[in-house]
Amino acid sequence: MGPKEPHEDPRELRPVHLERGVHGHRPRGLRGARRRLHVHPQRGARARLRRARPRGRRQLPQRRPEHLRVTPRVRFAPSPTGYFHVGSARTSLFNWLFARRHGGAFVLRIEDTDTERNRDEWRQGILDALTWLGLNWDEGPTLQSANLGDHHAAVEALWEGGYLYACDCTREQIDARSAATGRPGYDGHCRTRELPRGPSTALRFRMPDEGATTIEDLVRGTVTFPHEAIGDFVVMRSSGVVLYALANLVDDRSARITHVIRGEDLLPTTPRQVLMWEALNHCASQERVDLPAYAHLPMLVNEQRKKLSKRKDPVALESYRDQGYLPEAMVNYLALLGWSPRGDEIADRARLIDEFDLAEVSRSPAFFDVKKLTHINAEYLRAMTSDAFAHACRPWVDPDPAAWRPRAAPPWAPEHFDADVFSRAVPLIQTRVTTLAEVPAMVAFLFGDEVAFDEDAVAAVLADDPLGRVVLAVAIERFAEVDFTAASLHDALVELGEGVGLPLRRAQAPVRVAVTGTRVGPPLFESLELLGRQRTLDRLRAALARVS
RNA sequence: GGUCCCAUCGUCUAGUGGCCUAGGACACCACCCUCUCAAGGUGGAGACACGGGUUCGAACCCCGUUGGGACUGCCA
């Protein structure tokens, strides 16, 4: 370990008293009961970053941490790669929360310099995704490609300053040499060759031979990288294209970014960027800009605990939108990945903003659990008013194909959709779906011409059960006479059941299957009322004929 | 291989030396409610990776081991 000051134990300076709720004891399992954090003044303590971050939640400092002495300017800088990754969504959310929490600016920059992954619709996809999530940006979107002049100016400055050298090694040559020596990576072959710059030379950054770069990461604490383990890296291709690590940092300098909040996968490139940033600060032609604070967020991983893979894992934010997840639910769930609010996990934007603290962000990777996302989505769905819910269903049920977001038709002829019937069905289905995509199947019996029969259900309660057919036969008679309201239908079927010796739970099954095709669904009598007498009787007769 | 990061129920987490008999949420199981299915209610099972050390006391601090991960491009 590096040099330490053993007496600098921050805990001694930070008395903390944790209390449980308002009572001395807390009953086990009490919902929503939380510990409260009380912080005592931190007298005379230096409110600067600690060399190592203690595990667990930090208390709120009495004095603002040094990194918050300026109004934060954060940025989200995705590159257009085809669709919006949930990991990007999480990163952008944390940036946005941080900016909103501290009254800073959230800057959007699109890193479009790799021409292979740069298409108009992909760039638009980023804007659409952020808009859908409700992560509004204060500046931009700026395109990295618009800043090419600055990138090249930075390269010239570094070259003038002697930080760079030309290299004409090919990939094959480098690989051959590292195979021979058994040491992977670039070996510094051209370091002292003093090659002139030309069309076949790349420019490499000369790493210091010794020493180390230390980063005070806002979530990970102090991280030290020995220079000897980092090879000289390319800053500009022989083609003249300035590479990501430099371009990214030059843009951050021009935008006066104060906090770089990004995925942990970028942690290893941070010392390179810090070195280049400081080198630029020493260049006469370059402005001096304060180094930003860094915060590296834990990765999102799959069940195999590997970084979410574009090929194998369901990572496209758009697909969650199309499956009927609400943006509010997605935001809430994403916020829970690597962080947690103090109270209930179900927390709206205002609470997320109010409670968000980078210092509380976890350091270990988080599994993207669709089951939990689904649960949270269902919670938000249930919390909606009926009208809002009905409105949110439009892309899945609307007769107008232009309204269909998943580009899939509902399972009925669009012209048979009845908005009034649907809105009356909403209270019946709202607690029964976890995503909006489940809605069409749940109301299909109201709008379809044909009943889609679940054959197992038909067999169980009709074909194989003589009593089921009796129930149908009697129901056809009784339902022809009763008031066609849920209450009357209910009473009629109870009475009918008593007549044939069946409790309601058994008597309702044949009717349900005959009318809706399945054994599960919304409450039966309300459904029949919505369907109307004529269609109900038709279906009962058809089902009876089908199994006779 | 090298550098770096990480380690509490299956999952997401609370926890910052005594309030821990380790809390909550998802998932799971049981029961209640009930016209089915949900929703809701009640209860249950389920974790500090391991080994040393420091300390009166360690999930928490230190060291090591093991395990997992990221990076290691003239990609971003």
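Tutor: Here are some questions and answers about this predicted model.

Student: Why does histidine 67 count as buried?

Tutor: Buried means under 20% relative accessible area. Histidine 67 has 18% relative accessibility, so it counts as buried. You can find histidine 67 in the loop between β2 (35-39) and β3 (73-76).

Student: What makes the link between the side chains of histidine 67 and histidine 259 a polar contact?

Tutor: The cut-off for a pair of N or O atoms is 3.5 Å. These two side chains are joined at 2.9 Å, within that cut-off. Leaving aside neighbours within four places in sequence, histidine 67 is in contact with His259, and also with Phe98, Leu218 and Ala293.

Student: How do you know that the length of helix α11 agrees with its number of residues?

Tutor: Helix α11 covers residues 370-383, which is 14 residues. At 1.5 Å a residue they should span 20 Å, and the end C-alpha atoms are 20 Å apart, so the two agree.

Student: What caps the N-terminal end of α11?

Tutor: Aspartate 369 does: one of its side-chain oxygens lies 3.0 Å from the backbone nitrogen of lysine 371.

Student: Which helices do the buried residues of α11 pack against?

Tutor: They pack against α8 (317-322), α9 (327-335) and α12 (386-397). Among these buried residues are Leu373, Ile376 and Tyr380.

Student: And how much of chain A counts as buried?

Tutor: Of its 548 residues, 47% do.

How values were computed:
Residues are numbered from 1 along each chain as its sequence is written. Chains are lettered from A and ligands numbered from 1 in the order in which they are written. This is a predicted model: local features need pLDDT of at least 70, side-chain atom pairs count only at pLDDT 80 or more; totals for chains, interfaces and linings use all residues. Side-chain values use heavy atoms; hydrogens and water are left out. Helices (H or I, at least four residues) and strands (E, at least two) are DSSP runs, numbered from the N terminus. The expected span of a helix is 1.5 Å times one less than its number of residues. Buried means under 20% relative accessible area, exposed over 50%, partly exposed in between (1.4 Å probe, protein chains only). Contact means heavy atoms within 4.5 Å. A polar contact is a pair of N or O atoms within 3.5 Å; within protein, one must be able to donate a hydrogen and the other to accept it, and residues adjacent in sequence count only if both atoms are side-chain atoms.
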